[in-house]
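Trainee: I've got a structure to look at and I'd like to learn how to read it. Could you walk me through some features?

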Amino acid sequence: MNKKYSLLFVMIVLIIVGSCYFYHRDMLFLLSNPVVEINGQFDYKEMIKEVKYGEKNDVYCDDSHLDLTQIGEYEVILVYRDKEYPVTVKVEDTLHPEIVMSEQMTVLMNTTPDLKKDVVVQDNSQQQVKLTIDASQLDMTKEGQYTVEYIAKDQTGNTTRKKRIIHVIKEYGTAIQTEEKIVYLTFDDGPSQNTKEILDILERYNAHATFFVTGNGQKYNDYIKEAYEKGHTIGLHSYCHEYNEIYCSVDAYFDDLTKVGTMVEELIGFVPHYIRFPGGSSNKVSTRYSSGIMSILTKTVIEKGYQYYDWNCSTGDAESENVPVEEIIKNATENDDNNIVLLAHDTDAKDTTVEALGSIIEYYQERGYVFKAIDDYSFYAHQKVNN
């Protein structure tokens with residue numbers, strides 16, 4: 001090949017290469033079939049596999065027609081060096097709904113339980129989700145353990161199934177003590193300025209307790225929520241704690257109980273079914289206001305789905321404002337039952353109760369007791385009704 005044709009050949013090759021270079025210099029290499037989850041985030045750069053002779057930041061995206069709240073196909077335009085690249089983006093719903101609830105639930109026999117209580121259904125589509133409950137195996141006329149299935153289905157058809165164990169019982173708690181050595185430490189009359197210190201002491205000893213609260217210290221109500229969040233049990237004592245008001249009639253008692261229950265519900269999200277009568281079920285002061293009322297109330301509260309808790313051991317801190325610490329400790333450690341329901345008080349005037357608390361906990365822990373909060377299966381102490 002002579003020099004003339006060699007030069008011509010080189011020039012042709014250069015023209016071809018140069019043409020290819022200028023042709024490809026504005027090309028985008030895109031991933032096919034981009035899919036975005038409904039109500040998700042759209043990042044057009046994730047669709048770009050490669051930018052020929054450029055960077056992803058050099059690409060502009062017009063996604064004004066893209067609606068991430070609706071399932072469908074939408075066209076977005078990618079622009080690179082004045083050239084448009086239309087891309088079809090699919091918005092889909094592939095995620096299943098989520099059912100959030102406790103794995104077990106306890107209900108009273110011969111009642112109509114709210115099986116949707118404390119059940120939350122969440123879904124990324126933010127559309128209405130149908131919740132169906134299959135309770136065909138549940139028999140509310142018999143004590144036992146049953147399985148109920150919850151089915152959540154979104155509008156796309158994504159379905160989630162979750163099972164829950166339902167315990168059907170005659171009443172909450174038991175009068176029979178367990179072999180396990182347990183102290184159910186209980187505080188009446190709070191919350192108060194002492195509640196925070198009580199919670200700190202309990203945490204220090206890894207102990208749990210039950211707080212039977214009133215409506216008299218509402219400026220400290222945040223402590224009720226804090227106690228619940230730390231694993232303690234919240235029970236109902238009284239809203240006003242005025243004997244002449246709550247024990248003047250059965251209706252008056254339940255009006256008061258409803259008020260304190262509503263107050264607690266606003267703080268922890270539900271009304272507890274654990275209660276303690278002011279003065280205990282054995283109190284005689286109620287005779288001044290309504291003869292026989294305690295005999296009625298002790299039966300009626302259980303019929304209404306509550307359980308009441310007296311005590312089989314007391315700190316004696318209700319005898320005066322500042323019972324000596326040594327006396328409180330002595331009173332609180334006199335019982336050696338396997339299950340001890342220990343009465344204490346949480347008010348501004350009970351500083352010595354707080355001072356004695358650590359020693360009381362240590363005494364029982366050294367003897368193999370654990371401090372638990374009252375639950376649906378706990379031992380309850382019922383005293384002899386005297387009115």
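Predicted model: local features only at pLDDT ≥ 70, side-chain atom pairs only at ≥ 80, totals over all residues.

Trainee: Okay, how do α2 and α8 lie relative to each other?

Mentor: Their axes come within 10 Å and cross at roughly 15°. That's under 35 degrees, so α2 and α8 are roughly parallel to each other. The crossing is right-handed.

Trainee: Which residues of α2 and α8 meet there?

Mentor: From α2 you have Glu197, Ile198, Ile201 and Leu202, and they meet Val354, Leu357, Gly358 and Ile361 in α8. Sort the residues of this contact by class and you get six nonpolar, one polar and one charged.

Trainee: What does α2 do with α3?

Mentor: Here α2 covers residues 195–204 and α3 covers residues 222–229; their axes come within 10 Å and cross at roughly 10°. By the angle rule, α2 and α3 are therefore roughly parallel to each other. This crossing is left-handed.

Trainee: And which residues make the α2 and α3 contact?

Mentor: Thr195, Lys196 and Leu199 of α2 meet Tyr223, Glu226 and Ala227 of α3. The classes come out as three nonpolar, one polar and two charged.

Trainee: Let me try the next pair. At what angle do α7 and α8 cross?

Mentor: The axes of α7 (residues 325–332) and α8 (residues 351–366) come within 9 Å and cross at roughly 40°. With that angle, α7 and α8 are therefore oblique to each other. The crossing of α7 and α8 is right-handed. On the α7 side the contact includes Val325, Ile328, Ile329 and Ala332, and on the α8 side you'll find, among them, Ala356, Ser359, Ile360 and Tyr364. By class, this contact has seven nonpolar, three polar and one charged residues.

Trainee: Now for strands. How do the strands of a sheet pair?

Mentor: They pair through backbone hydrogen bonds, either parallel or antiparallel. One case here is an open sheet of four strands in the order β2-β6-β5-β4, with mixed pairing.

Trainee: Which strands stand at the edges of that sheet?

Mentor: Look at β2 (35–37) and β4 (60–62): each has a single partner strand, so one side of each is left without a neighbour in the sheet. From one strand to the next, the twist averages 35°.

Trainee: How many bridges pair β5 with β6?

Mentor: Nine, with β5 (residues 72–80) and β6 (residues 83–92) pairing in the antiparallel sense. To find your place in that pair, spot Leu78, which stands opposite Tyr85 in β6.

Trainee: What is the strand order in the sheet that contains β8?

Mentor: That one is β8-β12-β11-β10, an open sheet of four strands with mixed pairing. The edges are β8 (104–108) and β10 (130–134); each has a single partner, so one side of each has no neighbour in the sheet. Neighbouring strands are turned by 30° against each other on average, direction ignored. Five bridges join β10 to β11 (residues 144–153), and the two run antiparallel. Leu131 stands opposite Ala152 in β11.

Trainee: What about the backbone angles?

Mentor: The general idea is that most residues other than glycine have a negative phi, and most peptide bonds are trans. Now look at two spots in the chain. The peptide bond from Gly190 to Pro191 is cis, with omega near 5°, and Pro191 sits in the loop between β13 (182–188) and α2. Then there's Asn206, whose phi is near 55°, a positive value in a residue other than glycine. You'll find Asn206 in the loop between α2 and β14 (209–214).

Trainee: Let's zoom out. How many helices and strands does the chain have?

Mentor: It comes to eight helices and 20 strands. For overall shape, compare the radius of gyration with that of a compact globule: for 387 residues the globule would be near 21 Å, but the chain has 35 Å. Along the principal axes, the C-alpha atoms fill a box of roughly 125 × 50 × 40 Å.

Terms used. Residues numbered from 1 in each chain as written. Heavy atoms only, no water. Axes fitted to C-alpha atoms, helices over the stretch in contact; angles between N-to-C directions. Parallel < 35°, antiparallel > 145°, perpendicular 65-115°, else oblique. Left-handed = near helix turned anticlockwise from the far one by under 90°. Contact = heavy atoms within 4.5 Å. Nonpolar A, V, L, I, M, F, W, Y, C, P; charged D, E, K, R; others polar. Pairing = 2+ DSSP bridges. Rg over C-alpha atoms; globule rule 2.2 N^0.38 Å.
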